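Welcome! Please take a moment to look over the sequence and the model before reading on. The report then walks through strands, a disulfide, a cavity and some loops.

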Amino acid sequence: QVQLVESGGGLVQAGGSLRLSCAASGRTFSRDVMGWFRQAPGKDREFVAAISWSGGRTHYADSVKGRFTISRDNANNTVYLQMNSLKPEDTAVYYCAAAYGSSWYEVRWETTQYNYWGRGTQVTVSS
């Protein structure tokens with residue numbers, strides 16, 4: 001059974017940092033594009049960051065560029081999202097997702113392009 005399990009969420013003050021982890025199991029994800037999305041109450045799920053299977057290419061939403069960093073450890077089937085300089089508008093449930101990749105440099109940012117999803121972890125940033 002394929003599973004993506006997010007962890008590392010919590011409550012943090014504005015300006016603080018959190019590191020999210022996503023542990024994948026049930027299949028090998030080393031050739032998958034991995035992404036992070038988030039969904040705030042009453043809003044659609046939105047793209048945050050993605051990383052190619054090689055780790056050599058990343059892509060970020062403009063709202064998090066320069067503050068968030070996505071990385072991956074293929075040996076341990078884990079992807080990370082380092083979040084710095086957090087703002088109250090970053091408050092949301094954060095989801096990890098995996099998409100079948102076709103090249104080492106491919107990244108994706110549409111929810112419909114992803115094949116597997118985790119259940120999410122809550123991030124709350126207080127002002």
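Predicted model: local features only at pLDDT ≥ 70, side-chain atom pairs only at ≥ 80, totals over all residues.

## Getting your bearings

Helices (H or I, at least four residues) and strands (E, at least two) are DSSP runs, numbered from the N terminus.

Residues are numbered from 1 along each chain as its sequence is written, and side-chain values use heavy atoms, with hydrogens and water left out.

## A sheet of four strands

Let us start with an open sheet of four strands, ordered E1-E3-E8-E7 and paired in the antiparallel sense. Two strands count as paired if DSSP finds at least two bridges between them. At the edges are strand E1 (3-7) and strand E7 (68-73), each of which pairs on one side only. From one strand to the next, the twist averages 15°; such angles run from 0 to 180 degrees between N-to-C directions, with axes fitted as lines to C-alpha atoms, for helices over the stretch in contact.

E8 is mostly covered, with five of its six residues buried. Buried means under 20% relative accessible area, exposed over 50%, and partly exposed in between (1.4 Å probe, protein chains only).

## The strands around E4

Now turn to strand E4 (residues 32-39). Seven of its eight residues are buried, so E4 is largely enclosed by the rest of the structure. Eight bridges join E4 to E9, and the two run antiparallel; in this pairing, aspartate 32 has tyrosine 100 of E9 as its bridge partner.

E4 also pairs with strand E5 (residues 46-51), in the antiparallel sense and over five bridges. Methionine 34 finds its bridge partner in isoleucine 51 of E5. The hairpin of E4 and E5 has six residues between the strands, and in it glycine 42 takes a positive phi near 80°.

## One disulfide

How many disulfides does a search of the whole structure find? It finds one, where a disulfide is a pair of cysteine sulfur atoms within 2.5 Å. The bond joins cysteine 22 to cysteine 96, with an S to S distance of 2.1 Å. Cysteine 22 lies in strand E3 (residues 18-25) and cysteine 96 in strand E9 (residues 92-100), so the pair ties together parts that are 74 residues apart in sequence.

Are these cysteines buried or exposed? Cysteine 22 and cysteine 96 are both buried. The torsion about their S-S bond is about -75°, so the disulfide is left-handed.

## An enclosed space

Rolling a probe the size of a water molecule over the atoms shows where empty space is left. On a 1 Å grid over the protein atoms alone, a cavity is a set of points where a 1.4 Å probe fits but cannot get out, and lining residues have an atom within 4 Å of a point. The structure holds one cavity of 30 Å³ or more. The largest cavity has a volume of about 60 Å³, a volume being the space filled by probe spheres set on the points, which are joined across faces, edges and corners.

Among the residues lining the largest cavity are Cys22, Phe29, Met34, Arg72 and Asn77. E3 and strand E8 (78-83) are the elements that give two or more residues to this lining. The lining divides into five nonpolar, four polar and one charged. In this grouping, Ala, Val, Leu, Ile, Met, Phe, Trp, Tyr, Cys and Pro count as nonpolar, Asp, Glu, Lys and Arg as charged, and the others, Gly among them, as polar.

## Loops worth a look

Asparagine 77 has a positive phi of about 50° although it is not a glycine. Its hairpin, formed by E7 and E8, has four residues between the strands. Serine 85, in the loop between E8 and E9, has a phi near 50°, a positive value in a residue other than glycine. At 42% relative accessibility, serine 85 counts as partly exposed.

Valine 107 lies in the loop between E9 and strand E10 (116-117). At 9% relative accessibility, valine 107 counts as buried. The C-alpha atoms of valine 107 and alanine 50 are separated by 6.0 Å, with the two residues 57 apart along the chain.

Key: 1 Å grid on protein atoms, 1.4 Å probe; cavity = no way out; pocket = protein on both sides within 12 Å on 5 of 7 lines; lining within 4 Å.
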